[in-house]
Amino acid sequence: MAKSDVKLIGAWPSPFVMRPRIALNIKSEGYEFLEETLGSKSQLLLESNPVHKKIPVLIHDGKPICESLVIVEYIDEVWSSGPPILPSDPYDRALARFWAAYLDEKWFPTMRSIATAKEEAARKALIEQAGEGVMMLEDAFSRCSKGKGFFGGDQIGYLDIAFGSFLGWLRAIEKMDGVKLIDETKTPSLFKWATSFSSHPAVKDVLPETEKLVEFAKVLAKFKAASSNS
């Protein structure tokens, strides 16, 4: 298949855009990355995702697929000859989907709120909630990995991609707010996993650097402040 047959609309800082990029790398599938600009939405994006008008969007043979985890599952099914991403066992697959939904619906929104909390008490409560979530994920890792290096076992799988896509922003928030949620003492399994995941060939070139994300966060804060005042 020609490289031009697969396009991905996204932006480098987005953890959700990282997911299909990692999945495509796992499958060794080339693609054209169409970068969106902060503060504007391309006509192609609006036409490809008229419901949510959000990135990422995968365009395969001219057909758009939206929502990051839906795209990951699509990639796994279409390029089935490559390493599998979703677990083959129905229970393991359901468990991975459950924790991925928890990350998107509960954990990451809490993490994101830490940086914008105006009161110290609220900030401390959010840090505590995020920390409790990490402890639950430490336990989930033990059950999902079955003693191996990744949530998916010997190789990166669905939940690795779902959680690992947030590692860049987790480290940026830790740096900006002076918190440490994944460490060698409290969460030894996740600490080791995070190191292995970040250095994986399918991940290392698309995982944003912490300092770069910190700088982007400052730009984003100024952009939001200017937008709210206009």
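Which backbone nitrogen lies 2.8 Å from a polar atom of the side chain of Asp-160? Select Gly-157: the backbone nitrogen is the one from that residue. Before moving on, keep in mind that this is a predicted model, where local features need pLDDT of at least 70, side-chain atom pairs count only at pLDDT 80 or more, and totals for chains, interfaces and linings use all residues. Residues are numbered from 1 along each chain as its sequence is written, and side-chain values use heavy atoms, with hydrogens and water left out.

**Stop one: around Asp-160**

Stay on Asp-160, which sits in helix α6 (residues 158–164); helices here are DSSP runs of H or I with at least four residues, strands are E runs of at least two, and both are numbered from the N terminus.

Does that make Asp-160 buried or exposed? Asp-160 is buried, yet has no salt bridge. Buried means under 20% relative accessible area, exposed over 50%, and partly exposed in between (1.4 Å probe, protein chains only). A salt bridge needs a side-chain nitrogen of Lys or Arg within 4 Å of a carboxyl oxygen of Asp or Glu. Select Arg-19 to see the nearest side chain of opposite charge, 12 Å away; Lys and Arg count as positive, Asp and Glu as negative, and His and the chain ends are not counted.

**Stop two: strand β3**

Next, select residues 57–60, strand β3. Val-57 and Ile-59 point one way, Leu-58 and His-60 the other, and all are buried. In a regular strand the side chains alternate between the two faces of the sheet.

Show strand β1 (residues 6–10), which pairs with β3 in the antiparallel sense over four bridges; strands pair if DSSP finds at least two bridges between them. Here Val-6 stands opposite His-60. Then bring in strand β4 (residues 63–66), also antiparallel to β3 over four bridges, with Val-57 opposite Cys-66. At the hairpin of β3 and β4, look for Asp-61, which takes a positive phi near 55 degrees.

**Last stop: the cysteines**

A search of the whole structure finds zero disulfides, meaning pairs of cysteine sulfur atoms within 2.5 Å.

Conventions. A polar contact is a pair of N or O atoms within 3.5 Å; within protein, one must be able to donate a hydrogen and the other to accept it, and residues adjacent in sequence count only if both atoms are side-chain atoms.
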